[in-house]
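Trainee: I would like to learn how to read helix packing and charged pairs in a model. Where do we begin?

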Amino acid sequence: MQLIRPFTHQDSSNAVSQELWIRIWWALFAADNWCSSSLGFPRQMKDWPRPDRSPMDENIFAGMAPEEALQDLNEPCQNPGLWAHMATLHEIFGPIQELNWLAATNKELQPSQMELDTENLAQLLDDWQKALPEEVQLTDPNLVGHSKRGTGGIFMGLHLAFHHYATLLFYQYLDPKSALTMRGRQFAARCKHHALSYSIWLARGRRQSGCEAVYPTVGHMAIVSSSVLLHTLLFGEEEEIAQSHDCLKANFEALLELKEYWPNVNTMVNDPFTPL
């Protein structure tokens, strides 16, 4: 992508290839956030020039003709699609990973500063969710609607990613040593909430035709959700036990389904929480 520099030659493109390059760029951006941070490497695309326009609505893109006039890349997208919202969500994911890496490696990091940084990122996630258009909000009617449009899988992936990123942000506050303050205990409660929400909506998507999320990272996210649920089973309040157990079972069923598509999920299924 660095060598091709597609956005410097838009005069030689058509409308479809222009939009395709935008979507490729943001797909690489998403992969870079996942892979680089997971391996402990700096993000490669952090300082790259980026397209000014976000990806358009998926159905509009699917219906485009090559002879359509080029759009001005400096103009904002009039009909942003699900991938546009995914792109802005990934902008928050990078800093969450960096904060977690810092917390794990920097013993001199002050708990008060950590809480402040967590609060700031939590606000970004809340603002992202509130800014979603009504038709992109996570509701049953929208789930059915996107299923009929053929965008159910992307819709489900968007919201599963949101709950996963929030779970990661608050994850360290499950440790009682990190939850000694009122804000720390609130973070721990929010971690449990998002882990539960991930499991509930993953199961809901599996029941809705066209909304199945079957890409391999769903398995990774299900394991993170399950670790929080298992923590609740072991250390939670009595009223939390039943729902956590049901969600843990639902996550395991999803993993069993995923391993039919992705053999590497077998290593996730052979996990200590499996007997539960």
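Mentor: Begin with the classes of angle: under 35 degrees counts as roughly parallel, over 145 as roughly antiparallel, 65 to 115 as roughly perpendicular, and the rest as oblique. As for the source, this is a predicted model in which local features need pLDDT of at least 70 and side-chain atom pairs count only at pLDDT 80 or more, while totals for chains, interfaces and linings use all residues. Residues are numbered from 1 along each chain as its sequence is written, and side-chain values use heavy atoms, with hydrogens and water left out.

Trainee: At what angle do H4 and H7 pack?

Mentor: Two packed helices are described by the angle between their axes and the distance between the axes. Axes are lines fitted to C-alpha atoms, for helices over the stretch in contact, and angles run from 0 to 180 degrees between N-to-C directions. Helices are DSSP runs (H or I, at least four residues), numbered from the N terminus. Here H4 and H7 pack at about 45°, their axes 11 Å apart, and are therefore oblique to each other. Their crossing is left-handed, a term used if the near helix is turned anticlockwise from the far one by less than a right angle.

Trainee: How do H3 and H6 cross?

Mentor: The axes of helix H3 (residues 82–105) and helix H6 (residues 152–170) come within 10 Å and cross at roughly 20°. H3 and H6 are therefore roughly parallel to each other. H3 passes H6 in a left-handed crossing.

Trainee: Which residue forms a salt bridge with Arg183?

Mentor: Side chains of opposite charge can pair when their charged atoms come close. The criterion for a salt bridge is a side-chain nitrogen of Lys or Arg within 4 Å of a carboxyl oxygen of Asp or Glu. Arg183 pairs in this way with Glu115, with 3.2 Å between the closest N and O atoms. Arg183 lies in helix H7 (residues 182–207) and Glu115 in helix H4 (residues 111–131), so the pair ties together parts that are 68 residues apart in sequence. Another salt bridge joins Arg190 and Asp126, whose closest N and O atoms are 3.1 Å apart. Arg190 is in helix H7 and Asp126 in helix H4, so this pair ties together parts 64 residues apart in sequence.

Trainee: Is Glu115 buried or exposed?

Mentor: Buried means under 20% relative accessible area, exposed over 50%, and partly exposed in between (1.4 Å probe, protein chains only). Glu115 is buried at 9%, whereas Arg183 is partly exposed at 28%. Arg190 is also partly exposed, at 24%.

Trainee: How many salt bridges does a search of the whole structure find?

Mentor: The search finds nine. One of them joins the side chains of Glu19 and Arg53 (3.6 Å, N to O). That pair links distant parts of the chain, with Glu19 in helix H1 and Arg53 in the loop between H1 and helix H2 (58–62), 34 residues apart. Glu19 counts as buried at 1% relative accessibility, and Arg53 is buried at 2%. Glu19 and Arg53 also belong to a network of salt bridges with Arg23 and Glu58.

Trainee: How far apart are Arg149 and Glu58 in sequence and in space?

Mentor: They are 91 residues apart in sequence and 9.5 Å apart in space, C-alpha to C-alpha. Arg149 lies in helix H5 (residues 140–149) and is partly exposed, with a relative accessible area of 37%.

Methods: Helices (H or I, at least four residues) and strands (E, at least two) are DSSP runs, numbered from the N terminus.
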